[in-house]
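Hi,

Here is the structure I promised to pass on. Have a look at it first, and then read my notes below.

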Amino acid sequence: MPSNFDRALSRHLLQEGGAELLPEESLNDAAVVACAECFENEGLRLDAAAIGREHPSVCPRCGTEGGAKLTRRLLAGLAQSFFVKGSLHRTEFGAAPLIMFNDKRSTDMETCPGWPSGDAALFEEILKIGFFWYGPPLWQVGINENLEKLEQEDEREQVIARILQAYSLEILTEADKFYRLRKVSGDAYALGKFDSTDWGQYDSPPPPAAAEEAGRLDSPNLPVLYGSPDIQTCLHECRVTVEDALFIATLRPVRELKLLNLVDFADEAFSHPCEDLDHAMVMLFLAQSHAYPISRAIACAARDAGYDGLVYPSFFSMLRNGVQPFESSFGLSNRSIPELRPMEAAKMIPNLAIFGRPIHEGTLTVTCINRVILRKATYSIHFGPAGL
Ligand SMILES: [Zn+2]
């Protein structure tokens with residue numbers, strides 16, 4: 001008998017376009033349906049080898065003895081990983097897979113160049129599924145009425161006023177600490193131009209000459225000190241390379257700091273993901289530099305409202321946690337389902353932005369400065385089809 005978890009997972013995957021899972025727990029000759037060597041596509045072969053389980057049996061499909069064997073459950077997982085997650089397409093403010101599959105349709109991908117039709121046939125035959133172009137819900141590709149208003153300068157102000165009302169206050173106290181990384185590139189460090197023990201080096205950077213050169217939240221009239229309680233996120237945010245000299249300051253507030261917490265869920269009545277503030281804010285902070293004029297306007301408004309800074313979702317949250325953005329169940333956003341909100345909240349890495357020049361102004365103190373050495377960098381990857 002399948003467990004309650006298996007039944008729930010199976011139902012969930014069916015709704016998401018996946019195949020029904022069979023209750024197969026033990027790996028024996030009868031449960032093996034394919035192996036890593038069955039695939040022609042190198043990415044599929046490597047992913048199959050990674051998720052397959054070593055078993056001495058002979059593959060019923062290609063005759064390979066031993067190696068990474070796949071059951072129906074693992075094969076369905078491979079289809080989800082390679083074709084669905086592997087075809088994730090980022091839009092201006094959202095992301096959705098280009099390909100989906102289910103057991104209700106036959107494959108309709110003939111117009112796709114580079115489609116691994118031989119390998120796809122293996123999935124179709126064993127799992128009785130078909131692959132097709134996915135038509136995602138509009139919210140998933142970033143259609144949201146608040147985002148549309150935020151993009152219009154004359155309508156931006158009224159949405160920002162709602163944001164200031166709907167998001168909660170977070171107090172940072174003297175007991176809290178976080179990190180600020182400094183990357184020194186080129187010959188500034190080698191020539192001794194950079195004093196790594198100078199506290200001022202870890203304060204907000206000098207204002208940019210032009211507004212377009214500013215970052216996600218700072219602007220010529222609003223310097224911002226960016227930091228994070230998570231050192232890995234600091235490294236991602238600074239786009240470090242092995243050629244850089246790296247230093248990290250541990251910072252603590254000298255007094256209580258009032259921050260507007262944009263990582264939390266907005267306090268507003270439930271509404272559709274195309275209409276709510278929550279999806280607008282997540283999509284805004286996971287978007288690239290075209291979103292900066294909006295996030296800078298939010299920062300200025302928060303400063304004017306008396307906040308000392310912001311807690312905001314890191315652009316690198318998904319990469320840091322190895323998770324997918326904007327996941328859905330039954331076509332609904334998981335962020336809109338109360339039971340799934342803790343899982344969605346855990347995907348987000350909170351960054352800190354403190355307004356002004358807080359080290360110079362004495363609102364933050366440097367408790368320690370260290371050099372950071374990159375010992376080893378590894379990437380966790382999986383594959384998807386090319387040519388989409
Ligand atoms: Zn095989």
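What follows is a short tour, from the whole protein down to one helix pair.

First, some ground rules. This is a predicted model, where local features need pLDDT of at least 70 and side-chain atom pairs count only at pLDDT 80 or more, while totals for chains, interfaces and linings use all residues. Residues are numbered from 1 along each chain as its sequence is written.

**The whole protein**

The C-alpha trace spans about 70 × 50 × 40 Å along its principal axes. You'll find 12 helices and 17 strands in it; these are DSSP runs numbered from the N terminus (helices are H or I, at least four residues; strands are E, at least two). Of the 388 residues, 36% are buried.

**Two domains**

The protein is divided into domain 1 (4–136) and domain 2 (141–372), with bounds that come from an automatic or database domain assignment. Their C-alpha centres lie 37 Å apart. Each domain puts 11 residues into the contact between them, where contact means C-beta atoms, placed from the backbone, within 7 Å. On the domain 1 side, α1 (4–15) and β5 (95–97) each supply at least two residues. That side of domain 1 divides into five nonpolar, four polar and two charged residues. Here Ala, Val, Leu, Ile, Met, Phe, Trp, Tyr, Cys and Pro count as nonpolar, Asp, Glu, Lys and Arg as charged, and the others, Gly among them, as polar.

**An enclosed helix**

Where does α8 (residues 277–285) sit? Nine of its nine residues are buried, so α8 is largely enclosed by the rest of the structure. What covers these residues includes α5 (145–151), α6, α9, β13 (309–313) and β15 (332–333).

**α6 against α9**

Two of those covering helices also pack on each other: α6 (residues 153–166) and α9 (residues 292–304) meet at about 55°, with axes 10 Å apart. The axes are lines fitted to C-alpha atoms over the stretch in contact, and angles run from 0 to 180 degrees between N-to-C directions. The pair is therefore oblique (under 35 degrees is roughly parallel, over 145 roughly antiparallel, 65 to 115 roughly perpendicular, and the rest oblique). From α6 come R156, I160, I163 and L164, and from α9 come I294, A297, I298, A301 and A302. By class, this contact has eight nonpolar, no polar and one charged residues.

Cheers

Notes:
Contact = placed C-beta atoms within 7 Å. Buried ≥ 20, exposed ≤ 12 C-beta atoms within 10 Å, placed from the backbone.
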